[in-house]
Amino acid sequence: MSTTTATNSPSPGPGAPVSPGTIKAASLGGAWRAFLLRRLLGLASNLVLLVLVTFLIVQLIPGDPATAIAGENATLAQVELVRTQLGLDQPFLVQLWQYLAGVVQGDFGDSYRYQQPAMNIVLTALPYTLAITLVSVLLLLVLGIALGMTVGVATRGDRRRWLDLSFTMVTGFISSVPTYVLATAFVFVFAVFLKVLPPAYSPAYDIGTAAVLPILSLTIGGTCSVARIVRRETSVILEQDYMRTARGWRLPTMTLYAKHMLPNLLTTALTLSGIILTALLGSALITEAVFAWPGLGGVIVQAIAIDKDYPIIRGAVFVIGLISLVLTLVIDVILGLIDPRTLGEKRD
Amino acid sequence: MVRKRLIAGVALAAAASLALSACSTGEPEAAAGPTDTINAELWYAPATFDPAKASADADVTVARLGFDTLLRQGESDGYIGGLATAWEATSASDYTFTIRDDATCADGTAITPTVVANSFEYLAGLEDSGALTWKNQAFGSGTPTFTPDDAAGTLNIALSAPYSQLLGGLTREGTGIICPAGLADTEGLAAGTVDGAWSGPYVLSETVAGVSAQYALRDDYDAWPEWEDVAGEPAATINLTVQADSNTSANLLESGGVDLARFYDANADRFADDAAYSTVTFASSAYNLVFNQAAGSGSIFEGNQELRAAVAQAIDPEGFNAAGLDGLGVAQYTVNAASYSCALDDPSLVQAYDPEAAAKVLDGQTIRLLIMSNWDPAADYLAESLRAAGATVTVSAPDPADWTKQMRTQPETWDVAVAAENAESGLIHASISRYVGPTYAEGGTNVASTDNPEGWAAYEAAMTSADPEEQCASFEAAQESILERVDMTPLITDTHRYVAREGFESHVFTGYWDISAMRIVS
């Protein structure tokens with residue numbers, strides 16, 4: 001990795017002072033310490049914000065939780081009984097304090113509807129959501145990079161313009177289609193018309209079979225987006241001096257593309273993957289509704305639309321936010337390992 | 001570790017399935033073969049398995065599987081025995097039940113009159129919103145006293161205030177008998193983890209909160225009601241998964257992913273003419289227009305019957321049905337569905353659709369219409385009907401919880417509201433009391449804030465009579481009074497359909513869909 005990084009470092013121009021040492025181990029260690037400190041502080045402050053925001057946003061959801069939980073036949077006395085039992089009759093600041101005190105201990109409160117810790121409900125559904133989103137991200141990265149590289153190499157130097165044009169049009173079209181539309185189309189084609197895959201999750205089907213269409217729906221749009229970007233990056237990298245030199249040396253194809261080009265593409269792809277995964281988590285919640293997938297989507301929809309179940313909404317939003325923040329941090333660390341320039345500190 | 005395995009498993013299985021499906025030409029595996037399992041759906045996940053605390057639709061549905069009630073709805077009318085073999089109403093305050101001597105709990109404990117009495121004591125003593133609803137439906141507003149006689153096999157229920165609807169109330173799921181083991185561990189009862197708590201045909205064998213529930217048929221259960229038209233075998237296992245989208249339900253039913261599905265929209269038509277599917281229908285909700293007559297609320301309908309009648313004349317219920325319910329609703333001529341016992345079914349008592357007559361009265365009026373959110377076609381139809389008659393209409397469509405709250409507690413904010421009355425309880429008095437008697441602010445349920453002493457007197461007469469015929473006559477008189485005064489006008493009964501694929505059946509008894517009567521017929 002360090003060889004590649006050094007190769008990518010801007011070369012000093014004629015007459016420029018020569019740097020006494022491009023990257024020293026000691027200064028790199030300092031850069032890492034500063035980077036990690038900076039990012040961990042950022043993570044902590046973002047978590048605090050997330051906790052506060054999750055408390056505040058639920059207040060904006062229309063509908064009275066006590067009325068929703070008491071049911072349609074409840075009298076006003078029953079509604080007030082529920083309100084008291086849920087602690088919703090407490091002043092705003094008291095509720096906020098109780099919430100913060102609970103969160104510090106990892107307790108988001110008991111679900112209004114289920115009368116058990118909200119985080120239990122969220123963590124029960126979470127693996128189902130992660131199962132389809134993580135697999136989708138991996139698939140779309142692998143497929144997107146492979147496709148983008150292939151097309152980029154094949155169309156280098158304006159060769160095969162028809163391929164370039166077709167690729168751009170098709171991937172542009174597919175990536176612009178909303179995931180839930182793709183999901184619905186897949187259900188129609190593979191489940192209703194061809195009858196080769198289940199239309200949705202059911203105990204009657206093997207979970208892996210039921211996961212095919214949700215994963216496909218989440219993967220295909222992202223694959224096209226990644227492929228388009230990788231294809232563009234590939235074109236740029238192929239024109240760089242080190243790649244020309246490598247081609248001039250007649251290095252084997254695998255060495256040329258896998259060893260010298262791919263690591264540089266990974267920087268872009270990994271940066272994208274964090275953004276894509278966060279977006280996919282959002283898409284997955286909608287896609288789950290199409291496929292009756294038993295993940296967080298159904299839990300959140302019921303909590304918001306039916307039960308006004310504040311603890312579950314807070315817990316679910318917090319968990320999704322936490323996943324997003326941690327993944328972003330992890331990806332930044334990996335990027336730092338691949339390319340220390342991304343650590344964001346001058347090292348003279 | 002389990003989560004990692006799930007993710008890895010799903011990834012591997014999905015990859016393998018994708019590869020295999022590319023070579024496959026047949027239907028997915030679930031569609032064929034004999035089975036002892038029924039896969040069905042719930043719109044939302046059950047939150048509690050304690051029948052006494054059941055308040056959401058899913059809680060109520062699953063309560064029927066696990067807990068038997070003293071009485072059940074008759075197949076076409078009246079009541080049949082559940083855990084009770086005989087019953088007698090000496091007066092509207094005094095009832096005696098003979099308890100069957102062969103019923104047992106899931107742990108083998110005999111269900112005696114004392115067991116039944118203890119379960120009712122638990123229900124009546126709970127400080128819980130759901131339990132209060134069941135207690136009111138079963139025993140009325142007074143205090144019940146339970147006197148079991150195990151030697152005679154009887155249970156006497158004495159009420160401090162007359163309540164003639166006790167028999168109907170004791171068919172309701174929330175009054176299901178909880179066995180002693182459940183009463184000894186109420187937290188476990190709510191979580192569904194007490195093995196001996198169940199008195200019904202099924203026990204909960206597995207549940208994933210918010211996702212699914214699986215029930216297993218008890219080997220030792222033999223207390224089925226004496227149904228005459230129910231054929232086939234009860235499922236050894238019932239899988240209930242959460243699924244709220246009607247399109248997905250239809251796709252799953254077609255592919256064999258579920259064996260029965262509930263429909264409220266035109267997706268039901270996909271199976272209407274197909275002999276491989278059977279359909280039963282039942283009333284889910286009764287939609288009514290309620291006129292706000294609260295004194296000092298500023299409602300234009302207070303003390304103005306002519307204006308109320310004009311609004312009723314301006315709206316075509318069939319047009320409303322087409323706009324709001326895909327034409328799947330059925331006509332309704334009183335406060336709730338025609339399938340209810342003692343419900344009026346006479347079109348002449350409601351205002352006929354007459355837009356010209358309506359326009360003469362409504363022209364220039366300003367009307368505030370309150371309706372629940374996410375039902376724009378219905379709101380638009382009503383508003384445009386009134387506008388066509390010359391009225392200026394402002395529509396308020398808050399979230400359902402706010403809509404309910406606004407109707408009950410903020411009469412100063414609306415003139416006319418669309419009310420959705422649960423049409424599955426079979427208890428017509430609850431619907432009548434929306435339009436007579438004390439208001440919500442006074443501790444009652446009169447959402448229209450009407451002052452209708454005649455209707456209230458008829459209602460009271462029905463509630464204090466022990467004679468079923470007298471009860472019905474009085475309930476009908478109360479309904480006639482409400483309709484004559486145009487305190488409300490019926491719109492339509494939202495009729496849902498349960499569609500079963502070939503080899504499965506379900507049943508509706510006196511307008512009530514009974515989940516425990518799902519059967520495998522081949």
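**Helix 2 of chain B and its surroundings**

The buried residues of helix 2 of chain B pack against strand 1 (37-42), strand 8 (202-208), strand 9 (212-217), strand 10 and strand 18 (512-520) of chain B. Here, two residues are in contact if their C-beta atoms, placed from the backbone, lie within 7 Å. A residue is buried if 20 or more other C-beta atoms lie within 10 Å of its own, exposed if 12 or fewer, and partly exposed in between, again with C-beta atoms placed from the backbone.

This is a predicted model, in which local features need pLDDT of at least 70, side-chain atom pairs count only at pLDDT 80 or more, and totals for chains, interfaces and linings use all residues. Residues are numbered from 1 along each chain as its sequence is written, while chains are lettered from A and ligands numbered from 1 in the order in which they are written.

- Helix 2 (residues 57-66) of chain B has 9 of its 10 residues buried, so it is largely enclosed by the rest of the structure.
- Among the buried residues of this helix are B:Ala58, B:Asp59, B:Arg64 and B:Gly66.
- Helices (H or I, at least four residues) and strands (E, at least two) are DSSP runs, numbered from the N terminus.

**A sheet in chain B**

- In chain B, 4 strands form an open sheet in the order 4-5-7-6, with antiparallel pairing; two strands pair if DSSP finds at least two bridges between them.
- Strand 4 (84-91) and strand 6 (144-149) of chain B stand at the edges, each with a single partner strand, so one side of each has no neighbour in the sheet.
- On average, neighbouring strands of this sheet are turned by 15° against each other, direction ignored.
- Strand 6 and strand 7 (residues 154-159) of chain B pair in the antiparallel sense over 6 bridges, and B:Asp149 stands opposite B:Thr154 in strand 7 of chain B.
- Helix 3 (residues 113-125) of chain B lies across strand 5 (94-99), strand 6 and strand 7 of chain B, running at about 165° to strand 6 of chain B. Axes are lines fitted to C-alpha atoms, for helices over the stretch in contact, and angles run from 0 to 180 degrees between N-to-C directions.

**Chain A overall**

- Chain A has 13 helices and 0 strands.
- The radius of gyration of chain A (taken over C-alpha atoms) is 25 Å, well over the 20 Å that the globule rule gives for 348 residues, so chain A is more spread out than a compact globule. The globule rule is 2.2 Å times the number of residues to the power 0.38.
- The C-alpha trace of chain A spans about 85 × 55 × 30 Å along its principal axes.

**Two helices and a residue in chain A**

- Helix 11 (residues 253-291) and helix 13 (residues 310-338) of chain A pack at an angle of about 180°, with their axes 10 Å apart.
- That makes helix 11 of chain A roughly antiparallel to helix 13 of chain A. Angles under 35 degrees count as roughly parallel, over 145 as roughly antiparallel, 65 to 115 as roughly perpendicular and the rest as oblique.
- A:Thr342 lies in the segment after helix 13 of chain A, and A:Thr342 is partly exposed, with 16 other C-beta atoms within 10 Å.

**Where the chains meet**

- The contact takes 58 residues from chain B and 59 residues from chain A.
- Helix 1 of chain B gives the most to the side of chain B that touches chain A, with 13 residues.
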